[in-house]
Amino acid sequence: MVEGKKTGTTTVGIKVKEGVVLAADTQASLDHMVETLNIKKVLPITDRIAITTAGSVGDIQALARTLEAQARYYQFTWGRPMTTRAMANLLSNILNENKGFPYMVQIIIGGYVDRPELASVDALGGLVFENYTATGSGSPFAIAIIEDGYREDMSIEEAKELAIRAVRTAGKRDVYTGERKVQVVVITKDGMKEEFVEFKE
C-alpha cells in the first residue's frame, strides 16, 4: 500500500469594486520537507483572468493548459475575450465531467473582463461566486483574518494588504504554508500586476 504524503498551501481571493486580489504563499512542501520557497501558486490564464492552485500540481497544470487553449479559441471565434464568469462555469463543467476520476484540486478563479468576478471551484465542480474565499491547508486561519477585515467599500490597496496578512497569518499557524514570501496578483480594469512580498525572520 502506498502511503499518502501530506502537502499544503494557503491561497486567498478578495473581490472589491476596483478589482480582484489573488494571493498565495510560495512554499512547496512534501510531508515534513520544504522542497522550495519560490513556487508560483497564482497562474495567469489570460491577461485578465488568473487561478490559484491548491492540490495536485500535475492536475492544476493540465487544467491551466486547457483553460488557456479554450480562452484563445473563444477569442478567435467570437472576437472578444471570455469573461471570468464564463471561464469559471467552463472549469466547473470540466471538473464535474471528470468526477469519476477527479482532478485533485481546489481552485480560486478571479478576473476583471467586464467587471470584477471571484469564484471558488472544488474538485467535483462545485462552483460558488464569492466576495472573498480561501483554499488549502491554512484556509481556516486565512478566512478568519479576511472575515474580520473585509469591507465591500475597501480600496484595492486595502484588499491587497488584507490578502497578504491573511496568507502570512496562515503561515504562522499552518506548518505546510510558507510565511516568508507571498505572491500577490492584482487584477483591475487596467490589467494584471504581480508582485512578491518578502518578510525577514
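Confidence in this predicted model is lowest in strand S4 (residues 33-36), where pLDDT, the predictor's confidence in each residue from 0 to 100, has a mean of 58, and highest in strand S8 (residues 116-121), at 98. Across the protein the average pLDDT is 89, and 88% of the residues score at least 70. Over residues 1-6 the value stays under 50, and for this stretch the model has seven contacts beyond four places in sequence, a contact meaning heavy atoms within 4.5 Å. Where pLDDT is low, the predicted coordinates should not be read in detail.

Some conventions apply throughout. Residues are numbered from 1 along each chain as its sequence is written, and side-chain values use heavy atoms, with hydrogens and water left out. Because the model is predicted, local features need pLDDT of at least 70 and side-chain atom pairs count only at pLDDT 80 or more, whereas totals for chains, interfaces and linings use all residues. Helices (H or I, at least four residues) and strands (E, at least two) are DSSP runs, numbered from the N terminus.

Thr11 is found in strand S1 and, at 0% relative accessibility, counts as buried. Its side chain makes a polar contact (a pair of N or O atoms within 3.5 Å, where within protein one must be able to donate a hydrogen and the other to accept it, and residues adjacent in sequence count only if both atoms are side-chain atoms) with the side chain of Thr52, at 3.0 Å, and a polar contact of 2.5 Å joins the side chains of Thr11 and Thr135.

The buried residues of H2 are Thr84, Met87, Ala88, Leu91, Ser92, Ile94 and Leu95; seen down the axis, they fall within an arc of 165°, taken from the directions from the helix axis to the C-beta atoms, so they line one face of the helix. What covers these buried residues includes strand S6 (49-55), helix H1 (57-78), strand S7 (105-112), S8 and strand S9 (127-129). Arg85, by contrast, counts as partly exposed because its relative accessibility is 33%, and beyond its neighbours within four places in sequence Arg85 is in contact with Arg115, Glu117 and Phe129.

In the loop between S6 and H1 lies Ser56, which at 27% relative accessibility counts as partly exposed. Ser56 touches Met104 and Val105, not counting residues up to four places away in sequence.

Technical notes. Buried < 20%, exposed > 50% of the residue type's maximum accessible area, 1.4 Å probe, protein only.
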